Amino acid sequence: MSFSMDSFKLDGKIALVTGASYGIGFAIASALADAGATIVFNDRSQESVEKGMAAYKEAGIKAYGYVADVTNEAAVNDLVAKVKEDVGTIDILVNNAGIIKRMPMMEMSAEDFRQVIDVDLNGPFIVAKAVLPGMIEKGHGKIINICSMMSELGRETVSGYAAAKGGLKMLTKNICSEFGEANIQCNGIGPGYIATPQTAPLREKQADGSRHPFDQFIIAKTPAARWGESADLQGPAVFLASPASDFVNGHILYVDGGILAYIGKQP
């Protein structure tokens, strides 16, 4: 089979991107739309869905927004059924919805730990389980799990998040193992440190003109010597959602500017 740039096209595909009202999820969904996919997204509140719908409209993207909590299996099953009725069977799933609670492990309650695991690990399991029957029936499907560098590394204050994202890496490999024969590819994207409004305070110049200490830390650890942008995740997402990646399965693509390859600058 000869290569064609058409293999990156997503025309006629329906993509569900969870929690994609803003941020990384919105950037990925926008790229999938530019490649030809029809976008469906969910969020936990009507207000968030409406904000997302307004953002897609402003970007010139026709999207379908629904209220659903990814940790609620009945709600997710209802969501997938409603999408099938309103739009069609889901071809592409991006498990983007996630939370992080930053605190030392000794200060983290079991309840807080469980909540992070519930959203960041149980959620992707629940949504993947809901879309897999339709993908099997169609004879193809793409699942992209938004992992993290914490799928590979530990760091102070993120015990729940690291545990969840490490588990998500292995769930990715297991979905590949169990459903590869059904022509379903499940891969992950592991973003590095991405410049978002939430991280803006960590990148502000100090009063003396120097970088914020955390900014210095990230730049020193990143061979690219910069923070990533949401746009840096768009090409990888289109690739993993498209026929161009049909023989790529169970892989985590780290989009981190080289952090995981690098020991860091000598002090």
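1. Thr-157 sits in the loop that joins strand S5 (141–146) to helix H5 (159–179). Helices (DSSP runs of H or I, at least four residues) and strands (runs of E, at least two) are numbered from the N terminus. The phi angle of Thr-157 is near 80°, a positive value in a residue other than glycine. With a relative accessible area of 28%, Thr-157 is partly exposed; buried means under 20%, exposed over 50%, and partly exposed in between, using a 1.4 Å probe and protein chains only.

2. Before going on, a word on the model. It is a predicted one, in which local features need pLDDT of at least 70 and side-chain atom pairs count only at pLDDT 80 or more, while totals for chains, interfaces and linings use all residues. Residues are numbered from 1 along each chain as its sequence is written, and side-chain values use heavy atoms, leaving out hydrogens and water.

3. The other end of H5 also deserves a look. Asn-183 is in the loop between H5 and strand S6 (184–191). Although Asn-183 is not a glycine, its phi is positive, at about 65°. Its relative accessibility of 33% makes Asn-183 partly exposed. For background, most residues other than glycine have a negative phi.

4. Now for the whole fold. The protein has seven helices and seven strands, and from the N terminus the elements run β-α-β-α-β-α-β-α-β-α-β-α-α-β. Its radius of gyration is 19 Å, close to the 18 Å of the globule rule for 267 residues, so the protein is as compact as a globular protein of that length. The radius is taken over C-alpha atoms, and the rule is 2.2 Å times the number of residues to the power 0.38. Along the principal axes, the C-alpha atoms fill a box of roughly 55 × 50 × 40 Å.

5. What share of the 267 residues counts as buried? The figure is 48%. Of the contacts (heavy atoms within 4.5 Å) with a separation of 6 or more, 73% are between residues 24 or more positions apart.

6. Apart from neighbours within four places in sequence, Ser-7 is in contact with Ser-242, Pro-243 and Ala-244.

7. Finally, the surface. The accessible surface comes to about 13,400 Å², with 55% belonging to carbon and sulfur atoms; such areas come from the Shrake-Rupley method with a 1.4 Å probe.
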